[in-house]
Amino acid sequence: MNSNAEQTRSGVSGGWRWFHRFGSPAYFYRFASRWSKWFGWLALLFFAAGLYGGLIVAPPDYQMGDSYRIIYIHVPSAWMSMFTYVVMAVAAATGLIWHMKLGDAVARACAPLGAAFTFCALVTGSLWGRPTWGTYWVWDARLTSELVLLFLFFGYMALANAIEDRRSASRAAALLALVGLINLPIIHYSVEWWNTLHQGSTVTRMGRPTMDTRMLIPLLTMFIAFKLYFFSAMLNRVRCELLDQERRTKWVAEVVNG
Amino acid sequence: MAEFLHMGGYAFYVWWSYGVVGVVLAYHYFSPLVRRKKLIRELASSPLNRNAEQ
């Protein structure tokens, strides 16, 4: 019996075996711990460099003065809010379609983080809008679609925790996450499709005037910092979700009694 | 230093932004660490834990 299983496994290609092992909750639980630490320390390093560059080295903007420095947290937060949504939706889809338990755990871990990034993007945008546009809030296409994103994250969290049976809760929430994907192109193109107060992209736009290098480098550094932060925090959350989800299994018992 | 904190007159907007983001990110970083310890304690004392030492 045992040797039979061994034979079947050795017949499977290396990549596929890696995929299976990686997708196993017990393996991922240990893996996540190690990687979360690495990502966490790297994030701290990039945050320090990005904040130094953005708050101290970069010169003030010729129009917005020092208020533009909000960009170093506003733009990465907004990017990460959408990135986190994509990760959440893809992970939820693997749970829904291929019944990958790890997918459900990752999606559940992403939702509160995504909500946090969206909240940060909205708050910093509001605090930037006041001195720049003269108002904290307008019902403009970009701002409204980003607010919808916040409600999509909240909706996912509500659904995932509302239903007693965890599996069906994850499935219902996954459907919502997939339907909500339609909001992403709306956020992205809102500044082009509608006449809006929100300015277009600063970083990827072609031609002049572009950003000063001393302003651009801290922004890219902060972007990397946010991304590293996301992976570190997300992996820690996945560990909690896995313990909760797999509480009846032997490996959790080993972790708990270890 | 005072000039740095003054942020060219935008101190209120800049520091509130950085403050809110800092607090939110720190909370979301440390809360799962606390939750995992709690979860492990909870599971250790749960009746599901058959493997507990007698």
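# Questions on a two-chain predicted model

Q: Of the 258 residues of chain A, what percentage count as buried?
A: Residues are numbered from 1 along each chain as its sequence is written, and chains are lettered from A and ligands numbered from 1 in the order in which they are written. A residue is buried if 20 or more other C-beta atoms, placed from the backbone, lie within 10 Å of its own, exposed if 12 or fewer do, and partly exposed in between. By that rule, the part of the 258 residues of chain A that counts as buried is 40%.

Q: How many helices and strands does chain A have?
A: Helices (H or I, at least four residues) and strands (E, at least two) are DSSP runs, numbered from the N terminus. Read along the sequence, chain A follows the pattern α-α-α-α-α-α-α-α-α-α, and its C-alpha trace spans about 75 × 35 × 35 Å along the principal axes. The count for chain A is therefore 10 helices and zero strands.

Q: In chain A, where is confidence lowest?
A: Chain A averages a pLDDT of 90, and 91% of its residues score at least 70. In chain A, confidence is highest in α4(A), at 97, whereas over residues 1–10 of chain A the pLDDT is below 50. Where pLDDT is low, the predicted coordinates should not be read in detail. In chain A the lowest confidence, at a mean of 47, belongs to residues 2–11, helix α1 of chain A.

Q: Which helix supplies the largest share of the side of chain A that touches chain B?
A: Two residues are in contact if their C-beta atoms, placed from the backbone, lie within 7 Å, and in that sense 33 residues of chain A are in contact with 27 residues of chain B. On the side of chain A that touches chain B, α4 (71–98), α5 (101–133), α9 (213–245) and α10 (250–257) of chain A each supply at least two residues. The largest share of that side, 11 residues, comes from α5(A).

Q: By class, how many nonpolar, polar and charged residues does the side of chain A that touches chain B have?
A: Ala, Val, Leu, Ile, Met, Phe, Trp, Tyr, Cys and Pro count as nonpolar, Asp, Glu, Lys and Arg as charged, and the others, Gly among them, as polar. Sorted in this way, the side of chain A that touches chain B has 19 nonpolar, six polar and eight charged residues.

Q: Are α4(A) and α5(A) roughly parallel or antiparallel to each other?
A: Axes are lines fitted to C-alpha atoms, for helices over the stretch in contact, and angles run from 0 to 180 degrees between N-to-C directions. On that basis α4(A) and α5(A) pack at an angle of about 160°, with their axes 7 Å apart. Angles under 35 degrees count as roughly parallel, over 145 as roughly antiparallel, 65 to 115 as roughly perpendicular and the rest as oblique. The two helices α4(A) and α5(A) are therefore roughly antiparallel.

Q: Is the crossing in which α6(A) passes α7(A) left-handed or right-handed?
A: Helix α6 (residues 141–162) of chain A and helix α7 (residues 166–180) of chain A pack at an angle of about 165°, with their axes 7 Å apart. A crossing is left-handed if the near helix is turned anticlockwise from the far one by less than a right angle, and right-handed if clockwise. Whereas α4(A) passes α5(A) in a left-handed crossing, the crossing in which α6(A) passes α7(A) is right-handed.

Q: Is His99(A) buried or exposed?
A: His99(A) is found in the loop between α4 and α5 of chain A, and its phi is near 55°, a positive value in a residue other than glycine. Most residues other than glycine have a negative phi. Because 11 C-beta neighbours lie inside 10 Å, His99(A) counts as exposed.

Q: In which loop is Met7(B) found?
A: Chain B has two helices and zero strands, and of its 54 residues 19% count as buried. Phi of Met7(B) is near 50°, a positive value in a residue other than glycine, and with 19 C-beta neighbours inside 10 Å Met7(B) counts as partly exposed. Met7(B) is found in the loop between α1 (2–6) and α2 (11–44) of chain B.

Technical notes. This is a predicted model: local features need pLDDT of at least 70, side-chain atom pairs count only at pLDDT 80 or more; totals for chains, interfaces and linings use all residues. pLDDT is the predictor's confidence in each residue, from 0 to 100.
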